Amino acid sequence: MSITTMTAKERIMKLFAGEEVDRPPCFSGMGNVTTEGLKSLGYKFAASHLDAKMMADAASTTYKLFGFECGVVPFDLCVEAEALGCEINVYAHSEDLLYPTIKKKLIHKEDEMEISLPSGFQEKGRIPLVCEAIGLMKKDIGGDVPIGTYVLGPFTLAGQIMELNDLLKLSFKKPDKVGKLLALLADAIVMVAGQFQKAGIDYITVREMGATSDVLSPRVFKNLIQPYLKKIFDRLTVPSVLHICGKTNDIVPFMMETGAKAISVDQKNDVAESRKKLGKDALIFGNYDPYNVLVAGTPEMVKETMKKCMDDGVSAVWPGCDIWPTVPAENIRTMMDEVKKYRR
Amino acid sequence: MAADEKKKELLERLRNAVIQYDEDAAKEASREVLDVGMDANDAIFNGLVSGMEEVGRLFEAQEYFVPELLMCADALYAGLDILKPHVKQLDLGVRGSVVIGTVEGDVHDIGKNIVKMMFDVAGFTVYDLGRDVPLDKFVEEQLRTDSDLVCLSAMMTTTMTGMKKVIDDLRTKNPNVKIMIGGAPVSADIAEKWGADGYAKDANNALKDAINMISSLKKLKEEAEARKK
């Protein structure tokens with residue numbers, strides 16, 4: 001097979017397998033639904049979180065309209081916390097683009113930290129709904145592009161089910177207690193990921209943005225959080241990506257040591273330096289600013305940014321966070337063109 | 001002389017209590033401040049706040065991270081709770097009231113709380129709307145309280161666009177109000193584009209900006225007084 005006829009799916013799966021590809025793919029492991037896509041279907045954003053078909057349809061439009069090289073569900077970050085028993089708010093009444101948030105926490109004080117998983121946890125909340133959406137997308141576009149999903153990292157999930165203030169202070173004052181909670185959440189995350197794997201995903205991203213060096217010292221990351229991330233990546237069966245945003249240059253080696261196939265960093269990472277540190281074969285995904293460049297930037301700025309990402313040595317052109325839905329069609333097309341014509 | 005030395009010792013202890021996030025030490029030193037009849041205002045600014053400025057430096061140097069910052073803030077509040085009732089209302093030359101909150105869709109409030117702390121310290125009246133605040137609520141609260149400053153916070157790219165709506169709405173209804181925005185995804189460019197007066201990039205910068213804002217307010221007040229003379 002000639003290299004020029006590679007589909008997006010072949011390109012990305014080869015990349016994960018460590019094989020040679022014609023160019024860096026342009027995709028994401030995080031939310032990338034667009035207002036244009038929702039408009040083309042006549043869907044409301046708030047409704048798309050609660051209906052598998054709407055979720056799958058909406059997620060597929062970023063590929064169908066713009067050739068973005070993946071399909072990713074869900075769009076919000078509350079799936080695991082909801083399944084654990086938190087109440088969520090989808091802002092059903094709002095006309096604005098609002099992502100669901102946690103309305104009610106599970107743990108309110110330190111002595112409530114010893115929780116156990118609800119029985120049948122992996123069938124709770126919207127986990128089956130996301131699985132169904134994965135199946136629908138796979139049938140629809142899964143031949144052309146890889147289908148992905150994400151789960152939270154244990155520390156980020158802990159920050160959702162309890163007060164982040166308390167979690168941060170306790171990770172300093174009582175690391176053993178926090179460690180115990182993280183161990184349980186790591187198990188929960190593997191169970192959720194297992195359901196998504198069964199549903200047929202091609203790759204998965206673990207989002208541990210709560211443990212960025214903007215917030216926690218690299219030492220705490222290494223001692224308290226990395227061991228549980230390792231446990232998760234050890235048990236995942238599909239290609240996996242570890243995403244941490246913010247200042248990550250000091251922790252990229254620790255991120256790689258977790259066993260993730262690839263790491264994902266945002267615009268605050270100096271990728272040229274990370275590349276030097278990690279070597280030519282490491283899979284580094286990144287690192288454009290999905291709002292200031294892709295949504296608010298000019299096409300010219302988009303072009304320059306994509307070129308810089310690739311010149312710096314990203315293995316895949318990939319956003320630093322979820323893509324904000326109001327991205328102008330011209331910018332996303334410019335991005336795709338720039339990546340497609342790039343030759344190293 | 002002895003009193004001066006005691007004063008120096010107490011300021012140093014307050015400062016260190018904040019830096020070493022020792023709530024008990026902060027309480028103990030604050031009680032002694034009152035016992036010896038020292039000026040509470042002096043103790044707050046040259047003891048507690050001076051400690052917090054050093055914390056800001058340690059944060060910048062990446063020796064301290066957010067957990068340490070939060071614990072230092074707890075120590076500062078432990079002292080402030082004891083000292084504040086003994087401070088005469090600070091007149092900073094402005095009305096000194098601020099509406100603060102995290103915009104709708106966003107449940108992160110650490111950065112917001114740190115900025116709030118600095119306003120508490122400076123004797124501002126703070127109307128804290130909390131987190132996940134419906135956008136209209138900011139405008140309503142500003143009009144209700146006639147506050148000089150509105151601080152908006154967002155931690156995520158996916159929520160910060162709500163700020164623009166609040167800014168536009170505030171500007172239409174009250175062109176004189178000062179607006180400060182902050183949070184990880186916000187940039188100086190965005191602040192300028194959206195028409196905010198101030199911008200704080202993250203918890204660290206929020207802290208610095210809040211300190212700067214308070215210092216510049218103090219300076220304005222001094223200048224105003226100098227002109228009066």
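Lys53(A) pairs with Asp57(A) in a salt bridge, with the closest N and O atoms 2.9 Å apart. Both residues belong to helix α4 (residues 52-66) of chain A. They sit four residues apart, about one turn of the helix. Side chains of opposite charge can pair when their charged atoms come close. Over all chains, the structure holds 41 salt bridges. The model is predicted.

**The interface of chain B and chain A**

How many salt bridges does the rule find across the interface of chain B and chain A? There are two. In a salt bridge of Arg131(B) with Glu163(A), the N to O distance is 2.7 Å. Polar contacts between chain B and chain A come to five residue pairs, counting those with both residues at pLDDT 80 or more.

Four helices of chain B each supply at least two residues of the side that touches chain A: α4 (66-83), α5 (110-121), α7 (157-173) and α8 (188-194). Of these, α4(B) gives the most, with six residues. By class, this side of chain B has 14 nonpolar, eight polar and eight charged residues.

The contact takes 30 residues from chain B and 32 residues from chain A. The size of an interface is often given as the accessible area lost when the parts come together. Here, chain B and chain A bury about 2,600 Å² between them. Carbon and sulfur atoms account for 59% of that area.

**Two helix pairs**

One pair lies in chain B and the other in chain A.

| Helix pair | Angle | Distance between axes |
|---|---|---|
| α3 (residues 40-60) of chain B and α4(B) | about 180 degrees | 11 Å |
| α7 (residues 154-161) of chain A and α9 (residues 175-199) of chain A | about 105 degrees | 9 Å |

Take chain B. At an angle of about 180 degrees, α3(B) and α4(B) are therefore roughly antiparallel to each other. The α3(B) side of the contact includes Ala40(B), Ile44(B), Leu48(B), Met52(B) and Phe59(B). Among the α4(B) residues they meet are Val66(B), Leu69(B), Cys72(B), Leu76(B) and Gly79(B). By class, this contact has 14 nonpolar, one polar and no charged residues.

Now chain A. Helices α7(A) and α9(A) pack at about 105 degrees. That makes α7(A) roughly perpendicular to α9(A). From α7(A) come Pro154(A), Phe155(A), Leu157(A), Ala158(A) and Ile161(A). From α9(A) come Leu181(A), Leu182(A), Leu185(A), Ala186(A) and Ile189(A). The residues of this contact divide into ten nonpolar, no polar and no charged.

**Backbone points to check**

Most residues other than glycine have a negative phi, and most peptide bonds are trans.

Which peptide bond of chain A is cis with omega about -5 degrees? That bond joins Val73(A) and Pro74(A). Pro74(A) is in the loop between β1 (71-72) and α5 (79-84) of chain A.

A cis peptide bond also runs from Gly286(A) to Asn287(A), with omega near -20 degrees. Asn287(A) is placed in strand β8 (residues 283-288) of chain A.

In chain B, Gln62(B) has a positive phi of about 60 degrees, although it is not a glycine. Gln62(B) lies in the loop between α3 and α4 of chain B.

Definitions and conventions. Residues are numbered from 1 along each chain as its sequence is written. Chains are lettered from A and ligands numbered from 1 in the order in which they are written. This is a predicted model: local features need pLDDT of at least 70, side-chain atom pairs count only at pLDDT 80 or more; totals for chains, interfaces and linings use all residues. Side-chain values use heavy atoms; hydrogens and water are left out. Contact means heavy atoms within 4.5 Å. Buried area is the accessible area (1.4 Å probe) that two parts lose on being put together, summed over both. A salt bridge is a side-chain nitrogen of Lys or Arg within 4 Å of a carboxyl oxygen of Asp or Glu. A polar contact is a pair of N or O atoms within 3.5 Å; within protein, one must be able to donate a hydrogen and the other to accept it, and residues adjacent in sequence count only if both atoms are side-chain atoms. Ala, Val, Leu, Ile, Met, Phe, Trp, Tyr, Cys and Pro count as nonpolar, Asp, Glu, Lys and Arg as charged, and the others, Gly among them, as polar. Axes are lines fitted to C-alpha atoms, for helices over the stretch in contact, and angles run from 0 to 180 degrees between N-to-C directions. Angles under 35 degrees count as roughly parallel, over 145 as roughly antiparallel, 65 to 115 as roughly perpendicular and the rest as oblique.
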